[in-house]
Amino acid sequence: MKHTKRYLVGLSALLVLVVGGGVALGRALNTDDDLMEDMTPKSMDVILGEIRSLMQDYSIEAYIVPSVDEHNSEYISLHDRRYQYVTNFTGSAGTAIITLTQAALWTDSRYHLQAENQIDPAYWTLMREGLAGVPTRDEWLMSVLSPGGQVGTDPFLIASTEFERLGAVLGRNGYRLITLERNLVDIVWNNRPPQTAEDLRPMPLEYTGRRASEKLAALRVVLQEEGANVIVVSALDEIAWLLNLRGSDIRYNPVFFAYLIVSHDKLHLFTNPERINETIREHFRTEGIIGPDVRDYRDILAGIDEYVRGGNRLIVSTACSHALYAAIPADQRLQVYSVLAKMKAVKNPTEATGMRRAHVRDGAAVVRYLHWLETVVDEGNVTELSGAAKLREFRSEQELFVDLSFTAISAFGPNGAIVHYSPNEETDLAITRDGIYLIDSGGQYLDGTTDVTRSVHLGEPTAFQRECFTRVLKGFLSVASAVFPVRASGTTFDVLARKSLWDVGLDYGHGTGHGIGSFLGVHEYPPSFVSNSASPSNQGLVENMFSSNEPGYYEPGQFGVRIEDIVQVVPAQSAPHNFNGRGALTFHTSTVVPIQRKLIDVQLLSPAEIAQLNAYHKRVLEEVGPLLEQQNDPAAHRWLTEQTKEITVS
């Protein structure tokens, strides 16, 4: 039975937070009392007007609305999309700031085109992060605030590290960052979707590879090493992984709303107690967890306070909310990069095997889709939306399929230049033979999570399109074939992926790789392949981490190309000097989907790159071909055989 409740909507506690000389009292973020009788949608003018009226009540000149939830999640539930409510922007990353007379939205290059299309310039100014002349949030705030002006924020919706950083910047310049007792968006959001608290899914050992009790024991070793008594866990994917439980509170993300407090001898789970039925209690017994203390989700600050008053030293993550951080006195608080994130990123043998198997089944689904698309495209009735729906259908026929891992980026022609484009009824283009079609999609399987991108042209690509695609391919192959030392920085692979594009003055505005969960989030950190070597998630690569490998190129208004596979870090056999004993690693590509040869300018590839691609295609046919036969799709098998033919150069 599924439970839809207005339940997990806030936290009850009193906070006293001081930053840059500013003091604010804070308590519950929101309660059922916020749900108004009048459910009529409000205009942007009314929404901003009501927020500004509340800002005057709180004596603040600016209010920050981030794109995250209380757990700093990248993907959030409908109930938590405050950022979207006030801006109409649906991208997963950004920051909105509302002042008494202005409103500005910051987002990175992945979303510049999308934001431009979605926000109303009569109310919002788009700040395209990364472009010359665009002020940072700090700079803009200090240009619009009056002397001594106060900036308000919700302590549960801002990471502690960002709160401390911004508070210090503002404080040095005579301004104050304060927290408010209520979330202003929640107060005005009259037709807010209710929060959900659905049944939990126990994960058996055949998929997890380790009992929850083993993971807890390893975590408690870290507590001992760090000289701490307690760890507070707020990241939803870390809680799901640690307890070998999955949920469905956030679409496509098998997580559930909860907090954890783990001590040397106790486990406190803060969630909807109604979820913990006999099935889950039996799961805990099977997993070796004896009598966990299950408490109301809203009691997390009270739970922290009990350990604080007991004189304990508590660990919190650098990604935790400022509300949790501020609840622990500085002399009792140890803040580190997430212990559990680093543990979870290294897949155990069962998880690694499951990921490989999931990708073979997923490869069969994508191959069937690409074959189907090429067969029916001339009928003229396949669109971005209907194509994505057909791909989901093919995935749903695979064993152990649960759901998609994200909304498919099904993008034809100019829409492909919008990096994180998501089709809707207004933007839905027909897929034809007159442009490049980019399909970035993935599935959630009980034994693994997938994420794959292929760009195809069903007609005749231009010379420039082929050059761009091939230069992306060269970077992709360079990463896939890299041999590197243990703990190599993700920055290394970002450079490898970009070099061929850089050679002719081209580039792309997103990272090259992100970690991925095992039936968890499609984006997981660490690892990350990014240009910024100081990124907290750039923890260095070790064996059995999984990452995407996804360079791309985007020509605004015309096309986008991206090639993405999931790769597994494995020992390298071709480094005789073994980095002086440090250890040599390389990648095994888990994704098995052909790369369209029509878009390749073979003259730009080296003999080694051609041999690498041929070897990959041989593997794709060997691994996916038999599955297509089992699924009684001989036409797709014949198509795959043709697509994986060896490339020869005369």
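Student: At what angle do helix α8 and helix α9 pack, and how far apart are their axes?

Tutor: Helix α8 (residues 212-226) and helix α9 (residues 236-243) pack at an angle of about 120°, with their axes 7 Å apart. Axes here are lines fitted to C-alpha atoms, for helices over the stretch in contact, and angles run from 0 to 180 degrees between N-to-C directions. Helices (H or I, at least four residues) and strands (E, at least two) are DSSP runs, numbered from the N terminus. Keep in mind that this is a predicted model, where local features need pLDDT of at least 70, side-chain atom pairs count only at pLDDT 80 or more, and totals for chains, interfaces and linings use all residues. Residues are numbered from 1 along each chain as its sequence is written, and side-chain values use heavy atoms, with hydrogens and water left out.

Student: Why are α8 and α9 called oblique to each other?

Tutor: Angles under 35 degrees count as roughly parallel, over 145 as roughly antiparallel, 65 to 115 as roughly perpendicular and the rest as oblique. The angle between α8 and α9 is about 120°, so the two helices are oblique to each other.

Student: Which residues of α8 and α9 meet?

Tutor: From α8 come Ala212, Lys215, Leu216 and Leu219, and from α9 come Trp241, Leu242 and Leu243. Contact means heavy atoms within 4.5 Å. Sorted by type, the contact has six nonpolar residues, no polar ones and one charged. For that sorting, Ala, Val, Leu, Ile, Met, Phe, Trp, Tyr, Cys and Pro count as nonpolar, Asp, Glu, Lys and Arg as charged, and the others, Gly among them, as polar.

Student: What makes α9 largely enclosed by the rest of the structure?

Tutor: Buried means under 20% relative accessible area, exposed over 50%, partly exposed in between (1.4 Å probe, protein chains only). Eight of the eight residues of α9 are buried, so the helix is largely enclosed by the rest of the structure. Trp241 and Asp237 are among them.

Student: What comes just after α9?

Tutor: That is Asn244, with a positive phi of about 55° although Asn244 is not a glycine. Asn244 is found in the loop between α9 and β11 (245-246).

Student: Is Asn244 buried or exposed?

Tutor: Buried: its relative accessibility is 0%. Compare Arg487, a residue other than glycine whose phi is also positive, near 70°. Arg487 is found in the loop between β23 (484-485) and α17 (490-502), and at 47% relative accessibility Arg487 counts as partly exposed.

Student: Where are the cis peptide bonds around Pro526?

Tutor: One joins Tyr525 and Pro526, with omega about -5°. Another joins Pro526 and Pro527, and omega is about -5° there too.

Student: Why are β6 and β8 said to stand at the edges of their sheet?

Tutor: Six strands form an open sheet in the order β6-β5-β4-β3-β7-β8, with mixed pairing. β6 (125-128) and β8 (176-179) each have a single partner strand, so one side of each is left without a neighbour in the sheet.

Student: How do you know that β5 and β6 pair?

Tutor: Two strands pair if DSSP finds at least two bridges between them. Strand β5 (residues 103-107) and β6 have four bridges, in the parallel sense. In one of them, Ala104 has Thr125 of β6 as its bridge partner.

Student: What makes the contact between Asp440 and Arg562 a salt bridge?

Tutor: A salt bridge is a side-chain nitrogen of Lys or Arg within 4 Å of a carboxyl oxygen of Asp or Glu. The N to O distance for Asp440 and Arg562 is 2.9 Å. The pair links distant parts of the chain, with Asp440 in strand β19 (residues 436-441) and Arg562 in strand β28 (residues 559-562), 122 residues apart. Asp440 counts as buried at 6% relative accessibility, and Arg562 is buried at 2%.

Student: How many salt bridges does the count come to?

Tutor: The count comes to 40 salt bridges.
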